[in-house]
Amino acid sequence: MTTQTHPNPSTTTWFVGASFGHTDDQTARFLKDGIWEILTPTEKERALVRAMQPGERIAIKAAYVRKNGLPFDGRGHSVSVMGIKAVGTIVHNPQDGERVQVQWRPAEGVREWYFYTYRSTIWRVLPGDWMNDALIAFAFDQQPQDIERFRNEPYWRERFGTIAPDKLRFPWTRFYEAVAEKLLDYANDRSPLIEGIHQIAARVPGLGYLQDKFADGSVGPLQDICPFTVMGTFNRGLTDANRKVIAGELAKLIGVTVPVPPSFEGIPILNNQRSWFFRYADKRGAGDIDALWRVFVAGHALVEDDQPETREAFIQAYDVATQVWGVAWNLSAGLYWAHPWDFPTLDSQSRHYLNKRLGFNVPVSGQQGPCDAATYLKLMDDLCARFSESDYPVHSFPELSLESWKYEGPSVEVMSPEGAHDHAGEQDSDEAPPDTVQAASPIVPYSVDDILNDGCFLERAELDLLIDRLRAKKNLILQGPPGTGKTWLAKRLAFALMGEKDPNRIRAVQFHPNLSYEDFVRGWRPTGDGKLALADGVFMEAIIAARKAPSAKFVVVIEEINRGNPAQIFGELLTLLEAGKRTPSEALELCYPDADGKRRPVHIPENLYVIGTMNIADRSLALVDLALRRRFAFVGLEPRLGAAWRNWVVEACGVESALVADIEHRISELNDTIAADARLGKQFQIGHSYVTPAHRLEPGDTRMWFRQVVATEIGPLLDEYWFDAPAEAEQAMARLIQGW
């Protein structure tokens, strides 16, 4: 074969498989013949092969998962691995969509890469993203993988990161995965499984619902069972103690050695009245239970080896299983129990969170039926792609399930074992099966220490003072120049005041010139039929919520509180904000009656607090109303560039340690200049947020990042400050990046 060299290779790289039919490894033949080819490619794969250009680098990969023999502690979880078996350079592409000629390097043995892998046969990897850059350097330049960085990335951190064991949030996943793996042994013969479960039911309360109805009208023990109903035995509305006992007995039966989890927080549970994934025998389809086992097995195969053929098998099995009466959306919850890191649960609360918080529209089949398998897998893939983003609200399916409950969770009625048995007959109703619900939300403690750990640059004593003033005055305003972290701190102060991180007890609103009393407290709103109806605003909703739970603290966060007209927006409630008037005896009638037309006096309860933020550098804002000033404690925030800031941006943000002091010096000099200018003053200084990266910087990017911040954020602000002296703004910008 004639080959040619390409001294200036393209930046595009290719990672390709070398197995025909999953078992026949062609690597040795490819290296011997100087080619790479694909067997029976799809149209998409043909297009990718045709896109391969001479000069581009190519690597033969093999992707798999592993639990043991890892160079780090995998905590019993399966880890994605990609073995790099050979690398070379493409020298010719005949454009047949099936093969290319390659100048392979001599094989040096398989080198293993962890976490960031791709199962499909062809993977086109472009430089520019740090993960891609690291993979390219590992495969083609013999650079080692920074395993510590990968395992501590958001998507993998909870499973494989260096988090202390007592800080892990989802220890239950190991037990659930272990149960699912052992259940595979019963896919073809369930008789010992169901017999063992009935033996457990004879000595453990809570399993009396496993009684079937047969075609001859008789009633007796269930004679067959699906894997999801098995896992549902300890995922129902029972007490935690009862669930642990059932889970422990089941683990002994099937040979699971992983300990039963200490709690079941945030895990979807079945409705006690619909705890089976199939109907009674007298109405059950002949293949219903088999269909559920097939999707269970297909799901495991997909997790172990995500290839086109395993996907297609899963799609077929999933779509058949959703036709089994009683399954509906619960199938996704069952798959989530079995593989919580790999499959999302689409129970009603998770769908609500996906739609309202994450912006994913989950399609339905028919009126309320579950989405089909292709849609489910696309949603799964799209979410996994977003999980790796450091600022995304969630980074895994367990976190998504947990946050969906905390977003707006329904209460769960916990039924006694006897109650569950009494309602077992509901299993046979012809109504559409209800959705899964979720377990009670866990309490996530939050304190002043957590504010500091999150990256606050104030001293602890200063934070303690803020909390004390908020407790005593009930109302606090954080004021300061732009970029001093007012909004960031406001919500964390709210959490610390409450003692836990519960976003449902915080209401946030931004004041602006067009905001009115009707928007904030109560007023007339248009309805869908073109009429008007009285509706409560954000503040009135917070008052009602606080009255319903007097033992809990609630907080309203008002951003840019001086951008609106507080006296007009609060109305008569401005008087009631005073800490000394938070009693029913001080109640006043609102301008508008309640929805039923009655006028009931309203007071602001003791457990409702208000935190406002105020940018004191905005020339467009009027002086704050004196009545508002009397009712709030005011605390000034200033730029905080010091030891705490330096340590944070170096350790958490990747700013180069050799440059961080220089950045601090340049910003401090600029702030001294601004403070000394009679036209401006200290209230116009540049806050530390401008020079605190939102995302971790790549090594060597500090100078470029700082220049970009100056050009696109600080520079335009200086132009506004010195709008009548543009030369001064230009000089200040020049000094910031001089020598950089």
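Buried means under 20% relative accessible area. The model shown in these views is predicted.

**View 1. Salt bridge between R311 and D306.** The side chains of R311 and D306 come together with an N to O distance of 2.8 Å. R311 has a relative accessibility of 19%, so R311 counts as buried under the 20% limit.

**View 2. Salt bridge between R190 and D290.** The side chains meet at 2.7 Å, N to O. R190 sits in the loop between α6 (172–183) and α7 (191–203), and D290 belongs to helix α10 (residues 288–304), so this contact ties together parts that are 100 residues apart in sequence. R190 is buried, at 11% relative accessibility, whereas D290 has a relative accessible area of 32% and is partly exposed.

**View 3. Salt bridge between E606 and K474.** The closest N and O atoms of this pair are 3.0 Å apart. Distant parts of the chain are linked here: E606 lies in the loop between α23 (573–576) and β19 (608–615), and K474 in the loop between α18 (460–473) and β14 (475–480), 132 residues apart. E606 is partly exposed at 39% relative accessibility, while K474, with a relative accessible area of 8%, is buried.

Note on methods
Residues are numbered from 1 along each chain as its sequence is written. This is a predicted model: local features need pLDDT of at least 70, side-chain atom pairs count only at pLDDT 80 or more; totals for chains, interfaces and linings use all residues. Side-chain values use heavy atoms; hydrogens and water are left out. A salt bridge is a side-chain nitrogen of Lys or Arg within 4 Å of a carboxyl oxygen of Asp or Glu. Helices (H or I, at least four residues) and strands (E, at least two) are DSSP runs, numbered from the N terminus. Buried means under 20% relative accessible area, exposed over 50%, partly exposed in between (1.4 Å probe, protein chains only).
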